[in-house]
Amino acid sequence: MKEKLTIEQLNRFFAEEFPQTPVRALELGPMRAVVKHEVGEAQLRPGRTVSGPVMMTTADVGLYAAILGEIGLAALTVTTSFTMNFMRKPVEGRALIGECTLLKLGKTLAVGEVSIYSEGSTEVVAHAVGTYAIPPAHLR
């Protein structure tokens, strides 16, 4: 049986292999992950709301984390389809929290969804669904 990936291993992998992302894993569980994206002035667009690309990054990296938590570290797990719905303005000055759930984890594809919240809030600010290709070396 494959040893489960830890949050520390995953965040170290992100820092080494994906240093451009500020997203960090907070939780890893069966078929799920929770991630956090700090928000500062650089992440705001006019109107002082978090930019769409920042929310998309949170969702994309969150689903990537949930998948890696199941299959192990596979740098070439790639997004093949991604849909995002922006529902309300995030709370200014708060980090984004992405709660990610895998809906299906097959041999070659994974499908999941993410609800994004402002830290400390229960209102969903955005929702995403994504499909990811799993590299052949990591087929289940």
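Trainee: Which residues is leucine 68 in contact with, leaving aside its neighbours within four places in sequence?

Mentor: In this predicted model, leucine 68 is in contact with Leu5, Leu10, Phe13, Leu73, Ala74 and Thr77.

Trainee: And is leucine 68 buried or exposed?

Mentor: Leucine 68 has a relative accessible area of 0%, so it counts as buried. Its place is in helix H2.

Trainee: How far is leucine 68 from glutamine 20 in space?

Mentor: The C-alpha to C-alpha distance is 18 Å, and the two residues are 48 apart in sequence.

Trainee: Let us turn to the helices. At what angle do H1 and H2 pack?

Mentor: The angle is about 130° between helix H1, residues 7-17, and helix H2, residues 52-71, and their axes lie 11 Å apart. H1 is therefore oblique to H2. The crossing of the two helices is right-handed.

Trainee: Which residues meet there?

Mentor: From H1, Leu10, Phe13 and Phe14 meet Val61, Tyr64, Ala65 and Leu68 of H2. By class, this contact has seven nonpolar residues, with no polar and no charged ones.

Trainee: What about asparagine 11: buried or exposed?

Mentor: Asparagine 11 is found in helix H1. Its relative accessibility is 18%, and because the cut-off for buried is under 20%, asparagine 11 counts as buried. Beyond its neighbours within four places in sequence, asparagine 11 is in contact with Arg24 and Ala25.

Trainee: Now the sheet. What is the strand order?

Mentor: The sheet is open and has six strands, in the order S1-S2-S6-S7-S8-S5, with antiparallel pairing. Strand S1 (24-29) and strand S5 (78-86) are at the edges; each has a single partner strand, so one side of each is left without a neighbour in the sheet. On average, neighbouring strands of this sheet are turned by 20° against each other, direction ignored.

Trainee: How many bridges join S6 to S7?

Mentor: Nine bridges join strand S6, residues 96-105, to strand S7, residues 109-118, and the two run antiparallel. Glycine 98 stands opposite isoleucine 116 in S7.

Trainee: Which strands does H2 touch where it packs on the sheet?

Mentor: H2 touches S1, strand S2 (32-37), S5, S6, S7 and strand S8 (124-133). The direction of H2 makes about 45° with that of S6.

Note on methods. Residues numbered from 1 in each chain as written. Predicted model: local features only at pLDDT ≥ 70, side-chain atom pairs only at ≥ 80, totals over all residues. Heavy atoms only, no water. Axes fitted to C-alpha atoms, helices over the stretch in contact; angles between N-to-C directions. Helix = DSSP H or I, 4+ residues; strand = E, 2+ residues; numbered from the N terminus. Parallel < 35°, antiparallel > 145°, perpendicular 65-115°, else oblique. Left-handed = near helix turned anticlockwise from the far one by under 90°. Contact = heavy atoms within 4.5 Å. Nonpolar A, V, L, I, M, F, W, Y, C, P; charged D, E, K, R; others polar. Pairing = 2+ DSSP bridges. Buried < 20%, exposed > 50% of the residue type's maximum accessible area, 1.4 Å probe, protein only.
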